[in-house]
Amino acid sequence: MQLMRYCLSPNKLAWLREELGEHTDKLLAAMDAAGSNYLAELTELQAGDLSAGDSQLKFAWFQQKLALTTRLTDAELANLTPLSLVDVRVELVSSDKLTAALQQLSSESVLGFDTETRASFEPGVQHPLSLVQLATSDTCYLFQQAVLGERLAELKPLLDNEQILKVGIGLRGDGQALKRDWDIQVSPRLDLNWAMAQLGAGKEMGTRQLVAALLHKRIDKPKKITLSNWQQVPLSQAQIQYAALDALAANLCFWQLIDKLQGFYGKTTVGNKPLLPPSLAARLASYFHPA
């Protein structure tokens with residue numbers, strides 16, 4: 001359990017580290033251990049109570065939310081195994097492969113989604129969208145405007161297909177860029193930052209924290225690649241890997257979130273109060289397996 005870190009604001013946690021230095025983590029661990037013991041004792045005391053099952057379910061839900069929404073430190077992130085593209089196919093889609101790629105993606109129910117745009121270092125200068133990334137659980141397709149030209153518009157039927165959920169992290173800018181440059185309205189779409197906020201995350205978690213919480217992996221976001229020229233042809237191997245991992249991570253994180261919430265979907269506590277926030281349950285309902 002990471003209750004104390006979750007409950008402390010970043011400012012309070014920084015103050016605690018300044019005051020206690022290397023002893024901070026040990027103190028937090030001791031407080032968390034005490035909290036875990038208390039919950040265990042409380043559950044045991046209620047063992048003969050008719051509401052014991054209800055209490056256990058609430059505690060399990062409490063711990064699941066805590067695990068999903070507690071941010072890891074930089075040191076903890078550094079110790080995780082990197083998310084990789086092993087056993088994942090990456091295709092930089094050429095004009096002659098575009099139709100086949102779109103047909104393949106159209107058979108999916110959920111797609112990991114992201115875009116890249118060349119960074120501008122001049123005030124008032126905004127470059128057009130450079131790259132659209134779409135991923136299944138085992139294949140990432142990269143659609144580069146500099147390669148496809150006006151044919152990038154052929155993504156429209158796929159991206160506005162109401163039967164295919166487009167999942168990503170921090171999607172506002174991606175959607176705005178596609179609407180601005182190509183008049184493509186990405187719908188339906190689910191921002192995983194929004195989903196985690198429904199579970200109690202105090203602020204946007206971002207890709208690194210989401211991948212850590214849901215996949216127990218590390219994804220690196222080097223600024224050298226983030227701010228690189230996404231219009232260049234060909235893209236470097238580092239750019240291809242970075243772009244593919246972003247879309248793949250979104251897809252994998254979505255299905256892992258479904259897996260972690262599955263056991264709580266449709267469950268209620270005393271007073272018939274649902275465990276899952278209604279707004280989140282409604283958005284995800286069709287992806288849960290029947291009990």
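Modeller: Buried here means under 20% relative accessible area, exposed means over 50%, and partly exposed lies in between, with a 1.4 Å probe and protein chains only. The model is a predicted one, in which local features need pLDDT of at least 70 and side-chain atom pairs count only at pLDDT 80 or more, while totals for chains, interfaces and linings use all residues. Residues are numbered from 1 along each chain as its sequence is written, and side-chain values use heavy atoms, with hydrogens and water left out.

Of the 291 residues in the protein chain, 43% are buried. The chain has 14 helices and eight strands, these being DSSP runs numbered from the N terminus (helices H or I, at least four residues; strands E, at least two).

A nonpolar core is a set of buried Ala, Val, Leu, Ile, Met, Phe, Trp, Tyr and Cys residues joined through side-chain atoms within 4.5 Å. The largest such core holds 50 residues, and those with the most contacts inside it are Leu192, Met196, Leu199, Phe254, Leu257, Leu261 and Leu284. At least two residues of this core come from each of several elements, including the strands β3 (129–135), β4 (139–144) and β5 (165–168) and the helices α10 (192–198), α13 (237–261) and α14 (278–284). The greatest contribution to this core is that of α13, with 13 residues. Taking contact as heavy atoms within 4.5 Å, Leu284 touches Leu190, Phe254, Ile258 and Leu261, residues up to four places away in sequence not being counted. A second, separate core has 24 residues, among them Ala101, Leu102, Leu105 and Leu178. In soluble globular proteins, nonpolar side chains tend to be buried together.

Cys140 is in no disulfide, since the nearest cysteine sulfur, that of Cys253, is 13 Å away. Cys140 is buried, because its relative accessible area is 0%. Cys253 is likewise in no disulfide, with the sulfur of Cys140 as the nearest cysteine sulfur at 13 Å, and Cys253 counts as buried because its relative accessible area is 0%.

Key. Disulfide = S-S within 2.5 Å.
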